[in-house]
Amino acid sequence: MDVEKFGADFFYQANRANLMLLSGYPPKTIDVIFFHDRSYGDFTNLFQMAASMYKSGIARFIATPNTDGARFGRNIPREASPGKEWVTRQLLALHLPIESIIRPDMPSHHTWEENNAFLQLARERKWRSAAILTQPHQLLRTMLGMVKAMDNTGYLMEVYTATPIYTPWYEITRVNQGEEEKMRVENIDDELIRIPQYQEKGDLASLEELSAYLEARERGSIRFTKDLPPDLQELLS
C-alpha cells in the first residue's frame with residue numbers, strides 16, 4: 001500500500017475501524033444474518049459460521065442474495081458466483097430449516113445492490129437488527145457500504161459484524177468477480193485500495209461516518225430506537 005497516496009490518517013482510521021468490526025459479534029439475539037454473495041472458492045467456513053449462529057439462537061433468519069450466479073469456472077463479470085440455489089443447498093446440508101433462509105425480491109449482482117436489497121427485505125419484515133457475515137478483510141468495505149445504504153434509504157438498523165473463527169489466509173480464492181485467482185492474504189491490500197475509490201463514487205460511507213454509526217449503535221441512539229415500544233427503548237437507552 002502507498003502510504004503517501006492514501007495518507008497516514010486513512011491507515012490509522014481504517015485500522016481502528018477494522019479492530020472495532022472484528023470485535024463486533026452480536027451481543028444479543030438478532031433478527032437476521034446478511035450473507036453476501038462472493039466468487040467461487042471464497043465461502044470457506046462461512047456456511048458453518050452461519051449455521052452455528054442460527055442453531056445457537058444468535059440469529060433468527062439468514063438472508064442470501066437473489067442472484068442466479070453462473071456456471072462453474074466461468075470468468076465473466078456479474079456472473080462469477082455460484083448463485084442462490086447453490087448457496088441454499090449448502091445451508092440445507094448443514095441441517096438448517098428452509099424457512100430460515102430468506103431471499104429479497106430484488107436481484108443483486110454486487111455488494112452495493114445486495115445492501116439495498118437486504119434493507120428492502122428488512123423493512124418489509126420489520127427487522128431491526130442484523131449481522132454482516134463475511135471474510136475478515138471484507139468487513140470494512142461491506143460495513144461502509146451498509147452504513148451508506150442505511151443513510152440513503154432512511155432505514156436504520158443495529159448492524160453487527162461476524163467472521164469465521166478460522167480463516168485460511170493462504171488458500172487460493174477467486175476475486176474481482178471471478179476474474180483472478182490469488183491467495184486470500186493478497187486480497188487484504190486490494191480491499192483497502194477499493195475503499196477510497198468507492199467512497200469517491202459515493203458507494204461507501206466515510207470512516208468518520210462509520211465511527212459515528214458504531215458509537216450511536218452502542219449508546220442506543222434514539223435514531224435506532226424511536227420506532228420500538230417504550231419498554232424496549234428504555235432497555236436500549
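**Entry 1: a cut-off to start with.** I call a residue buried when its relative accessible area is under 20%, exposed when it is over 50%, and partly exposed in between. I also note that this is a predicted model.

Entry 2: R219 and E215 form a salt bridge, with the closest N and O atoms 2.9 Å apart. The two residues are four apart in helix α8, so about one helical turn separates them.

**Entry 3: the salt bridges.** I counted eleven salt bridges. I then looked at E158 and K28, whose side chains meet at 3.1 Å, N to O. E158 belongs to strand β5 (residues 158-162) and K28 to the loop between α2 and β1, so this pair ties together parts that are 130 residues apart in sequence. E158 counts as buried at 9% relative accessibility, whereas K28 is partly exposed at 28%.

**Entry 4: R184 and D42.** Next I checked the salt bridge between the side chains of R184 and D42, also listed at 3.1 Å, N to O. R184 sits in the loop between β7 (180-183) and α7, and D42 in the loop between β1 and α3 (46-55), so to speak a link across 142 residues. Both R184 and D42 are buried. Salt bridges with shared partners join R38, D42, E171 and R184 into one network.

**Entry 5: Q135.** Which residues touch Q135, leaving aside its neighbours within four places in sequence? I found R38, D42, F43, T44, L46, T163, P164, T167 and R184. Three of the network members, R38, D42 and R184, are in that list. Q135 is found in the loop between β4 and α6, and it is buried, with a relative accessible area of 0%. A polar atom of the Q135 side chain lies 3.2 Å from the backbone oxygen of D42.

**Entry 6: the largest nonpolar core.** I turned to the largest nonpolar core, which has 36 residues; F34, L140, M150, M157 and L210 touch the most other members. Two or more residues come from each of α2 (8-22), β1 (30-35), α5 (111-125), β4 (129-133), α6 (139-153), α7 (187-201) and α8 (207-219). The largest share, eight residues, is from α6. I followed L210 as well: beyond its neighbours within four places in sequence, L210 is in contact with A17, L21, L140, M143, L144 and V147. A second, separate core has 21 residues, including A51, L96, L133 and A162.

**Entry 7: helix α6.** Is α6 mostly covered or mostly exposed? I found it mostly covered, with eleven of its 15 residues buried. Among the buried ones are L139, L140, R141, T142 and M143. From first C-alpha to last, α6 reaches 21 Å, close to the 21 Å expected at 1.5 Å a residue. Just after α6, G154 takes a positive phi of about 80 degrees.

Key. Residues numbered from 1 in each chain as written. Predicted model: local features only at pLDDT ≥ 70, side-chain atom pairs only at ≥ 80, totals over all residues. Heavy atoms only, no water. Core = buried A, V, L, I, M, F, W, Y, C linked by side-chain atoms within 4.5 Å. Buried < 20%, exposed > 50% of the residue type's maximum accessible area, 1.4 Å probe, protein only. Contact = heavy atoms within 4.5 Å. Expected span 1.5 Å × (residues − 1). Polar contact = N/O pair within 3.5 Å; in protein donor to acceptor, adjacent residues only side chain to side chain. Salt bridge = Lys/Arg side-chain N within 4 Å of Asp/Glu carboxyl O.
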